[in-house]
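Here is a short briefing on domains, chain contacts, a helix and a core. Please look at the structure below before reading on.

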Amino acid sequence: MSKIEDEIRGIAKKLLEEGKVKYFTGYAKGPDSFRARPIIIDDPKDVDKLIWSPCCVNNLGVYLVDEMKKKPKRGEEPDTRPVGIVTKACDARGITVLHQENILPKERVYVIGIPCRGMADPEKLEKHARKKGLGHDAIYNMDIKEEKMMFTGEAEGVKVAFPREEVLLDKCKECVHHNPREYDIVIGKRIENPHVDKYATIRELEDMSLEEREKFWEMIFERCIRCNACKEVCPMCYCEECTVEKAKPMRWCSKSADKSNNEFFHLIRAMHLVGRCIDCGECERVCPMAIPLRKLYRKMAKEAEKLYSYEAGLNPEEDPVFATFRVDDDDEFE
Amino acid sequence: MDDMIIKKDKLPKWSSELSDYKIFAPHREDDVVIFKEMKNVNKVVLHYANSVMPPKEIFFPQTQELFKYEKSPEMKVSEAELPLEKVLLFGVRPCDARSFLIMDKLFYWDYEDHLYKQARDNTVIIGLTCTSPHHNCFCTSVGGKPYSNEGLDVLMTDLGDRYYVEVLTEKGEDVIRKPDELFSKPTDKDRKERGEIWEKAESEVTKNVEVEGVHDKLGELFESKYWDEKSRTCVGCGICSFLCPTCHCFDITDEDCGNCGRRIRTWDTCMIPEYTVHASGYNPRPGKKNRLKNRVFHKFRYFPDRFDAIACVGCGRCISKCPVGIDIVETLEEVKEVEEVEE
């Protein structure tokens, strides 16, 4: 058990025992060795189910939005104690955006922030494990070895190491914010932020001609099955009724899963995430059809940075980019 | 028809003999394997555990036009054209083939769905034995086998440089073209090899659950707190149902463009609130617990009650792709263990 895992359990136990939090949201062992999964616990006895590993990919912030949407039963006093939550640096920035947008008051959440060097892509991990003869149920004790920057594990007594770069999630390779900024308590040492190209994923697309880009996205959008997973895992998609589902007074987006409507769906989402997407990459990770969604949102983030020197979730005191106006803002329609 | 052998290098020739069919086969696009119309036999992928999307779309398209209309004084309505072309579905895994028989029960039930039936009748299905099952596969728990031939017209088994071909129906016989030139008779060695591969594949399906008793137990758990607990981390997306080979729910909407329009049916999922919301705004399945429970109940209780079959073929897609790791096999195990405390 890692030191961080130990500390998470300790804090969760204390918070739950003292009734300081309504419940605690963290990570537990997943259905196979390649994935952890979210867990919500109420009982301090259950804290041993909490884990910390390179498989803790989910952005748990999505459950905070769920919490804020809950309506108390008639006649019942609402329980407004904070919710305890484990966050990586990216997830914590998501919580900052929710604060900024007045969706989640600060006193409703107790954030455990963890400096993070990146998480493992479950699909890459599975491929690598297979190559090395590791089954999904092999005894598999993974830890992040900071100095070597390797994901190491053990299977049937044989030590196996994965080169970090090869199993890392793409978004983590492009991450320049390894340390959470807003938290109630932080676990682990501060990590120096790397100098990497945070917009690497869109460079190739930017070099393409308009026609080439159109062709690229057409083929990809055609594949979309509109399962809505991208928006359901997104903490920023918190509307009570999503515009793509709205049927009255008129339907903006048809239920036809065709190129045109799929494109409309994805572009609406992209427009609604400008200056809000914190690149947790959950949408891209969960997409069953491998749609490179980050490319859309990173492009929009880059535009917001270029035009307004704004990056999402960095400063809780700042107004959201689209909720503010400065006289010197770029105005190309003038 | 007797069993046969075809060398792998004869596949291009075989496919060229089948030009009267529109052929759908597994293709790799970026990182996903999906069934697409085959233009070039060399682009077909045959080494994969299973396609991300089941081939149900061939019979039950995600978006299907029912009719078009024009709001003129005489109100012109033109019905959707029947899918008449002959289709060959190549490389279907046995679990997915069994799903077609399950879908048939629904689509041929109180109303015979003519669009679905036409597509089914026009299609020949060539299956491919599953030789390396994924760790989330559990077909053997729900009545399947990696080499099951149920729902197939032809079953092929990969023997390395050649396929063992078993023709199962008359429809299957039609796709065996130029038997003397392209196919040969299997030897005892071929038969033995196939048997070994079948046995090995079956032993590799290690995920399992005893479904006996689940149906009755679910009956006791409609009001159980278990569903509150289980659904707590569900994000309410449609991955589990859209990737499910047996999920068959659809919505009917109009695409209205002023004086004309069309009525379409599109896949729907019981995992979203819009699925059950009434015109009044009331929703009988208001929470994630109601919806997740419904999906499990539908597969393992309602469908068996009505059609005497479990609506799950054990393909494992919902387990592999669930964003939050909800595992149906684990859920069923837990269902069997839940002890209801009387309050």
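In chain B, 22 residues of domain 1 are in contact with 16 residues of domain 2; two residues are in contact if their C-beta atoms, placed from the backbone, lie within 7 Å. This is a predicted model: local features need pLDDT of at least 70, side-chain atom pairs count only at pLDDT 80 or more, and totals for chains, interfaces and linings use all residues. Residues are numbered from 1 along each chain as its sequence is written, while chains are lettered from A and ligands numbered from 1 in the order in which they are written.

**Domains of chain B**
- The side of domain 1 of chain B that touches domain 2 of chain B has twelve nonpolar, six polar and four charged residues. Ala, Val, Leu, Ile, Met, Phe, Trp, Tyr, Cys and Pro count as nonpolar, Asp, Glu, Lys and Arg as charged, and the others, Gly among them, as polar.
- Domain 1 of chain B covers 4-61 + 74-204, and domain 2 covers 214-251 + 268-337. These bounds come from an automatic or database domain assignment.
- The centres of the two domains of chain B, taken over C-alpha atoms, are 28 Å apart.

**Chain A against chain B**
- Here 28 residues of chain A are in contact with 32 residues of chain B.
- On the chain A side, strand E2 (36-41) gives the largest share, four residues. Helices (H or I, at least four residues) and strands (E, at least two) are DSSP runs, numbered from the N terminus.
- By class, this side of chain A holds 14 nonpolar, six polar and eight charged residues.

**Helix H8 of chain A**
- Helix H8 (residues 210-223) of chain A has 14 residues. From first C-alpha to last, H8(A) reaches 20 Å, close to the 20 Å expected (1.5 Å times one less than its number of residues).
- A:Trp217, A:Ile220, A:Phe221 and A:Arg223 are its buried residues (20 or more other C-beta atoms, placed from the backbone, within 10 Å of the residue's own; exposed is 12 or fewer, partly exposed in between).
- The buried residues of H8(A) fall within an arc of 145° seen down the axis, so they line one face. The arc is that of the directions from the helix axis to the C-beta atoms.
- The face turned away carries exposed A:Glu211, A:Glu214, A:Lys215 and A:Met219.
- Helix H10 (259-272) of chain A and strand E2 (22-29) of chain B are among what covers the buried residues of H8(A).

**Nonpolar core**
- The largest nonpolar core has 157 residues (buried Ala, Val, Leu, Ile, Met, Phe, Trp, Tyr and Cys joined through C-beta atoms within 7 Å).
- Helix H3 (residues 89-100) of chain A gives the largest share of this core, six residues.
- A:Val233 and B:Ile126 have the most contacts inside the core.
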